[in-house]
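Here is a note on the model, in numbered points. Please read it with the structure open.

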Amino acid sequence: MTTGAQSPYPARPRRSRLRTLLPLGVAAWLVLEIWLLTVVAGASSGLVVFLILLAGIVLGSYVIKRAGRRAFRNLTETVQQQQGGGPVTPGARTDGEGNGLTMLGGLLIVLPGLISDALGLLLLVPPVQKAVSRYAERTFERKLREAAAQSPLGDAFAQARMRHPDGKVVQGEVIRDEPGSGGPEGPRPPLTK
């Protein structure tokens, strides 16, 4: 029989599916990695497993170091171009794209285990990097649109993210003066050539 009194404890918000399944997935991944390493050790020897893990650490560290140096070099070139007054050319640095995914691949290689090594090596392949990058960008854009639609400032976010063919966005108001009145300093020159 209920008395109609409210509970002193507020209702807990429902956990998202990701927060529920992520710990289970990580535990299953760890068990699978350990099982595969024991299978390899049983088929060959413990020394082979040790050498595989050591090679993974060395190769992953090299990949991370190389991608980090490339990212730092691109950053210093961009800063030097901006300080020199020259235009920044983002399209010219095609070798610097995918540094984040390359570092993630190196990190997966460093982690002990055969599945993480295979995923890390797969992330080092350029077509796979492009596909993962496109997928991540689409997912990020979709999540951003969903968040902007639920936000009270949704229209402001949509306006700030508009893309124009020439890449320029100029926001403001147009105020038309009387014809022939150029103001105290005379007629103004055109903004574009």
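**Notes on the model**

1. V128 is found in helix α5. Helices are DSSP runs of H or I of at least four residues, strands are runs of E of at least two, and both are numbered from the N terminus. With a relative accessible area of 25%, V128 is partly exposed. Here buried means under 20% relative accessible area, exposed means over 50%, and partly exposed lies in between (1.4 Å probe, protein chains only). V128 pairs across the sequence with L101: 27 residues separate them along the chain, and their C-alpha atoms are 9.8 Å apart.

2. Some ground rules. This is a predicted model, in which local features need pLDDT of at least 70 and side-chain atom pairs count only at pLDDT 80 or more, while totals for chains, interfaces and linings use all residues. Residues are numbered from 1 along each chain as its sequence is written, and side-chain values use heavy atoms, with hydrogens and water left out.

3. The overall make-up comes next. The chain has 6 helices and 0 strands. From the N terminus on, the order is α-α-α-α-α-α. Of the 193 residues in the chain, 15% are buried. A contact is a pair of heavy atoms within 4.5 Å. Among contacts with a separation of 6 or more, 53% join residues 24 or more positions apart. The accessible surface is about 16200 Å², and carbon and sulfur atoms hold 64% of that surface. Areas come from the Shrake-Rupley method with a 1.4 Å probe; for residues, only the protein chains shown count as cover.

4. Helix α5 covers residues 126-150. Its 25 residues reach 36 Å from first C-alpha to last, close to the 36 Å expected at 1.5 Å a residue. The expected span is 1.5 Å times one less than the number of residues. Q129, E141 and A148 are buried in α5.

5. How many salt bridges does the structure hold? It holds 1. The cut-off is a side-chain nitrogen of Lys or Arg within 4 Å of a carboxyl oxygen of Asp or Glu. E146 pairs with R142, and their closest N and O atoms are 3.7 Å apart. The two sit 4 residues apart in α5, so about one helical turn separates them. An α-helix has 3.6 residues a turn, so residues three or four places apart point the same way. E146 is partly exposed at 38%. R142 is also partly exposed, with 38% relative accessibility.

6. Helix α2 runs over residues 46-83. Its 38 residues should span 56 Å at 1.5 Å a residue, and the end C-alpha atoms are 55 Å apart, which agrees. Its buried residues are V49, G56, G60, V63, A67, R70, N74 and T78. Their cover includes α1 and α3. Just after α2, G85 takes a positive phi of about 85°.

7. F50 lies in α2. Together with L47, L51, L54 and V58, F50 makes a nonpolar surface patch of about 500 Å². Patch members have over 30% relative accessible area and no salt bridge; like charges are joined within 9 Å, and nonpolar side chains (Val, Leu, Ile, Met, Phe, Trp, Tyr) within 5 Å.

8. Helix α3 takes in residues 99-110. Its 12 residues should span 16 Å at 1.5 Å a residue, and the end C-alpha atoms are 16 Å apart, in agreement. N99, L101, T102, G105, G106, L108 and I109 are buried in α3. The cover over them includes α2, α4 (114-123) and α5.

9. Which residues does N99 touch, leaving aside neighbours within four places in sequence? They are A67, R70, A71 and N74. N99 counts as buried because its relative accessibility is 9%.

10. I34 lies in helix α1 (residues 17-43). At 55% relative accessibility, I34 counts as exposed. I34 and L114 are 80 residues apart in sequence, yet their C-alpha atoms are 9.1 Å apart.

11. One record needs checking against the model. An unreviewed UniProt entry lists residues 21-41, 47-64 and 101-125 under "transmembrane region". UniProt positions follow the numbering used here, feature names are shortened, and annotations may be inferred rather than shown by experiment. In the model, residues 47-64 are 100% helix and 0% strand, with end C-alpha atoms 26 Å apart. Residues 101-125 are 80% helix and 0% strand, and there the end C-alpha atoms are 10 Å apart.
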